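Subject: Structure handed over, with notes

Dear colleague,

Please find below the structure I promised to pass on to you. My notes on what was found in it follow directly after.

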Amino acid sequence: MVERTSLQNSPPTPHTLPRDILVVGSVALDDVETPFGRVEGALGGSATYFATAASFYAPVKLVGVVGDDFPPEHVEFLRRRQVDLAGLEVVEGGRTFRWRGRYEYDLNTAHTLDTQLNVFAEFSPKLPETYRRPGLLFLANIAPELQRAVLEQIERPALVALDTMNFWISSRRDALADVMRLVDVVLINEAEARQFADTYSLLGAARAILALGPKAVIIKKGEYGASMFTDGDHPGETYFFAPAYPLETVKDPTGAGDTFAGGFLGALAREPVLDANAFRRAIVHGSVMASFTVEDFSINRLRALTADEIERRFAEFQAFTRF
Ligand code: AMP
């Protein structure tokens, strides 16, 4: 049985900083079309985007599965980002998860044209021994049963966060609600929060999720930023909002949510105490990482990204949100 820990009252970490982060989620080949171009078989997947972004902040261990059609250069890329791939299974003769999506000029809405789970349909993760005591855990967008299987194989870390999407809300709502009961933070986008809670009000949706047990709900609103809701009656204490970085060129929003989560947990991995202020800084780091991702297709903008660029954009956020 897995129990939740209190987020606000987490004691200073006994770990050295940064904590390491374990992620389970999809590792995919994506076919994506936007008004600004298209890619076929590009490196994608929730765990891939998350791990790439988080690797700028902390050591990352990845749990997932690919087929033997997964190009070796993608594995090489993750290795160069120092992502631990001991938990990435390769299935001989299997096909990698494939997602096909399209965006219109409203880049906030992804239209899924096809989802092929392929090797993920039969995947049952067995965590390497070195993965069982992570500093932080991210259950990236994937089947809720898989998210739970990973949670049950580890010692409870300082914080567990979860992301999901409409595909799982429609097909596995009960299993998803069960995993939400076990986590500290739920990240979800605006439309999916409404779908999950069956209400138009985002505050109402956030409260419905908080009622399941998480201490914080972060609702992502694409180019309109991200809001965090925690329990209580006073917005000054229970609500936080960060805008998105203003960009003139956005080519492909795929992975924005996962890289947001990567910046968010990556920043928390470096915080000695996981209190409300640490969460606010982490949300801005999430917004910074998402803003880079959408500037190009796939993870391409992150390939040459530097720590300096991240720090500069973080400082700009501080400047344009101060009043
Ligand atoms: P995001 O744009 O951050 O929501 O994430 C996009 C990534 O999620 C893409 O790279 C897809 O490969 C992956 N993805 C799409 N549908 C699913 C799904 N049903 N389960 C897991 N990952 C998915």
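At what angle do helix 6 and helix 7 pack, and how far apart are their axes? Before the answer, two remarks on conventions. The model is a predicted one, in which local features need pLDDT of at least 70 and side-chain atom pairs count only at pLDDT 80 or more, whereas totals for chains, interfaces and linings use all residues. Residues are numbered from 1 along each chain as its sequence is written, and side-chain values use heavy atoms, with hydrogens and water left out.

Helix 6 (residues 190-197) and helix 7 (residues 202-210) pack at about 65°, with their axes 9 Å apart; helices here are DSSP runs of H or I with at least four residues, strands are runs of E with at least two, and both are numbered from the N terminus. Axes are lines fitted to C-alpha atoms, for helices over the stretch in contact, and angles run from 0 to 180 degrees between N-to-C directions. The crossing of the two helices is left-handed, a term that applies if the near helix is turned anticlockwise from the far one by less than a right angle. On the side of helix 6 the contact (heavy atoms within 4.5 Å) is made by E190, A193, R194, F196 and A197, and on the side of helix 7 by L202, A205, A208 and I209. By class, this contact has seven nonpolar, no polar and two charged residues, where Ala, Val, Leu, Ile, Met, Phe, Trp, Tyr, Cys and Pro count as nonpolar, Asp, Glu, Lys and Arg as charged, and the others, Gly among them, as polar.

Within helix 6, the residues E192, A193, F196 and A197 are buried, that is, under 20% relative accessible area, with exposed meaning over 50% and partly exposed in between (1.4 Å probe, protein chains only). Seen down the helix axis, these buried residues fall within an arc of 120°, so they line one face of helix 6; the arc is that of the directions from the helix axis to the C-beta atoms. Their cover includes helix 4 (166-171), helix 5 (173-180), strand 10 (185-189), helix 7 and strand 11 (216-220).

Turning to the strands, an open sheet of four has the order 3-2-6-7, with mixed pairing; two strands pair if DSSP finds at least two bridges between them. Strand 3 (37-44) and strand 7 (111-116) are the edge strands, each pairing on one side only. Strand 2 (residues 28-34) and strand 3 pair in the antiparallel sense over six bridges, and a hairpin joins strand 2 to strand 3 through two residues. In this pairing V32 stands opposite V39 in strand 3, while T34 stands opposite G37 in strand 3. Helix 1 (residues 46-54) lies across strand 2 and strand 3, running at about 80° to strand 3.

Some individual residues may also interest you. K61, placed in strand 4 (residues 60-67), counts as buried at 14% relative accessibility. The peptide bond from L17 to P18 is cis, with omega near -5°, and P18 lies in the segment before strand 1 (21-24). Q82, in the loop between helix 2 (72-80) and strand 5 (84-91), has a positive phi near 65° although it is a residue other than glycine, and Q82 is exposed, with a relative accessible area of 66%.
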